[in-house]
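Hello,

Here is the structure for you to look over. My notes follow below it.

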Amino acid sequence: MTAQAGLGQAVLLRFPYSQVSSCSTWGFAHFLTSWLVVPASRRSWDPDGEPTPASRRPSPFPAAGERAHWGDNPQQPRLGNHWLLGGSPPRAGRNRHASYPPARRLRKQYGPPPLPPSASRSKQSFNYNSQKAERLRELNSSRPFSHNYISQGTSRDRGSSIAQVRNRFCFRRGTGRAWRVVGFRSGRELVVLPVWVRGLCRLSSYTEKMGEEASDDKKPTTKFELERETELRFEVEASQSVQLELLAGMAEIFGTELTRNKKFTFDAGAKVAVFTWHGCSLQLSGRTEVAYVSKDTPMLLYLNTHTALEQMRRQAEKEEERGPRVMVVGPTDVGKSTVCRLLLNYAVRLGRRPTYVELDVGQGSVSIPGTMGALYIERPADVEEGFSIQAPLVYHFGSTTPGTNIKLYNKITSRLADVFNQRCEVNRRASVSGCVINTCGWVKGSGYQALVHAASAFEVDVVVVLDQERLYNELKRDLPHFVRTVLLPKSGGVVERSKDFRRECRDERIREYFYGFRGCFYPHAFNVKFSDVKIYKVGAPTIPDSCLPLGMSQEDNQLKLVPVTPGRDMVHHLLSVSTAEGTEENLSETSVAGFIVVTSVDLEHQVFTVLSPAPRPLPKNFLLIMDIRFMDLK
């Protein structure tokens with residue numbers, strides 16, 4: 001006869017506790033899974049094919065002298081030597097696939113297995129809130145398997161309260177099912193009862209996850225001892241992450257001071273420079289593309305620039321004037337955004353409240369790419385996330401290059417300058433702190449004229465030119481004499497970014513807007529009727545001058561609002577939700593409330609589905625379409 005156990009049945013196992021006391025629960029579960037998938041033809045309890053006598057069957061109730069007989073059983077699996085428990089593989093022969101009678105037979109002959117006192121309580125004593133809080137603590141733990149030891153019950157051998165109940169929960173995302181292994185230790189033996197064994201089929205993915213965690217513990221670790229005024233530069237490999245920890249001393253990343261003995265995680269593609277003024281000890285965990293210590297750094301020049309700006313702020317406080325307004329310019333990939341972040345962090349650490357103005361439409365550090373905006377800085381930037389974006393002022397541009405509509409670009413620049421001047425009139429602290437303006441890397445032709453226009457609109461006092469002496473001389477020639485133009489070198493850690501890398505950074509920035517930093521949020525998807533919204537595009541397509549009406553120039557078309565009819569070509573396009581109340585307002589000069597992306601268009605029902613960071617309905621019904629597309633592939 002053959003003893004079979006279905007996947008939906010509970011199976012009672014019993015083995016010496018001394019052999020498994022040091023192993024983990026996932027080892028038990030993996031053993032149970034490997035046993036349950038053994039074919040029925042190989043599950044014979046007796047080698048002769050006969051049912052096992054009652055005297056040799058394992059009892060669910062441990063009895064005196066039974067352990068010795070159980071140890072002599074030729075069918076006992078050598079769990080203590082199993083590789084999952086840290087030993088050698090099991091020996092070959094008939095002990096390879098030992099099986100056990102199903103719980104149905106054991107319950108019929110011996111009754112149900114004993115339960116701990118906590119499981120036999122009445123329903124009236126069940127506290128839902130305490131159980132829910134305990135469950136949340138388990139789910140929030142760093143490991144997939146949380147430990148919960150409850151010391152209850154009485155041991156048969158010792159007569160003391162040492163029986164322990166071990167619970168293991170394992171949930172799969174998107175399902176409400178779980179499996180649990182409950183173990184009762186009585187004397188020197190441990191009885192493991194898997195409840196709802198059907199859930200064991202889902203164990204493989206979590207075993208892989210735990211394997212990944214084990215591999216994370218084996219990540220290469222490197223310690224660096226930095227001397228004074230040196231910096232550690234490293235780049236993270238693709239599909240990798242690196243953890244940085246400050247062990248001793250003081251260090252900073254782009255002006256943000258590091259906390260000692262705290263691990264900071266940097267994702268794939270990150271390029272980081274850790275600078276120390278007095279020396280420090282750092283530790284890197286993970287695979288980096290490159291990591292080295294450099295003594296050639298322009299940080300001293302950047303600090304001198306900050307000191308000069310702080311002196312101008314103090315003078316403005318005494319004379320009740322406005323503080324310095326700084327514009328950072330230079331070609332692409334020279335570290336303009338890094339210098340802006342550095343100057344802002346140093347100013348905030350001294351109690352200032354500067355304003356960060358973002359004119360680089362291809363990067364979108366204040367909002368998403370294709371926009372221009374300003375942000376009031378109240379605290380230093382986070383090492384991992386950057387500046388806290390609570391209430392930014394954002395305007396729609398619609399493209400990642402200013403050359404697509406240079407007149408709209410200059411108009412939004414003037415609008416930002418007007419709003420900043422209005423804020424300085426009502427906020428003395430913001431006026432004294434001034435602003436730091438980040439510009440795009442287009443420094444020739446119309447791009448150079450846009451830089452001059454921005455300097456004139458914001459009435460800048462200082463222009464910082466990075467790593468291009470030609471641009472420095474041109475600006476010094478064309479700007480007024482009272483504007484101080486400074487030439488600074490770029491950092492040696494700045495690397496040139498490819499077009500593909502820039503595209504990936506833009507997609508990641510848009511994804512972060514909808515899903516939060518590292519996917520901590522979940523956006524909303526809902527349908528919007530064609531009749532509920534009005535979609536426009538800023539700028540009409542270019543046409544030959546011979547086709548233009550008399551007296552109209554080509555530039556006037558760049559600011560024209562063109563209605564857009566919803567269609568299938570609108571899929572994956574980003575839409576800006578304007579704060580305008582009506583068409584009588586200039587939509588191109590009105591700030592936006594947020595962004596949505598079109599995921600599908602249903603022409604039959606006259607609706608389109610959008611991905612939104614907030615639930616329905618939309619705050620306004622005026623939408624501005626972008627040339628930028630976003631496909632949610634992750």
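Two strands count as paired if DSSP finds at least two bridges between them. Helices (H or I, at least four residues) and strands (E, at least two) are DSSP runs, numbered from the N terminus.

This is a predicted model: local features need pLDDT of at least 70, side-chain atom pairs count only at pLDDT 80 or more, and totals for chains, interfaces and linings use all residues. Residues are numbered from 1 along each chain as its sequence is written, and side-chain values use heavy atoms, with hydrogens and water left out.

Start with β24 (residues 534–538). Three bridges join β24 to β29 (residues 622–629), and the two run parallel. β24 also pairs with β25 (residues 561–563), antiparallel, over three bridges. Tyrosine 536 stands opposite leucine 624 in β29. Tyrosine 536 also stands opposite proline 563 in β25.

Next, helix α12 (residues 469–478). Its buried residues (under 20% relative accessible area, 1.4 Å probe, protein chains only; exposed is over 50%, partly exposed in between) are Leu471, Tyr472, Glu474 and Leu475. Seen down the axis of α12, they fall within an arc of 170°, so they line one face of the helix. The arc is that of the directions from the helix axis to the C-beta atoms. Glu469, Arg470, Lys476 and Arg477 are exposed on the other side. The buried residues of α12 pack against β16 (325–329), α11 (446–458), β21 (462–466) and β22 (484–488), with contact meaning heavy atoms within 4.5 Å.

Overall, the chain has 13 helices and 29 strands. Of its 634 residues, 46% are buried.

Best wishes
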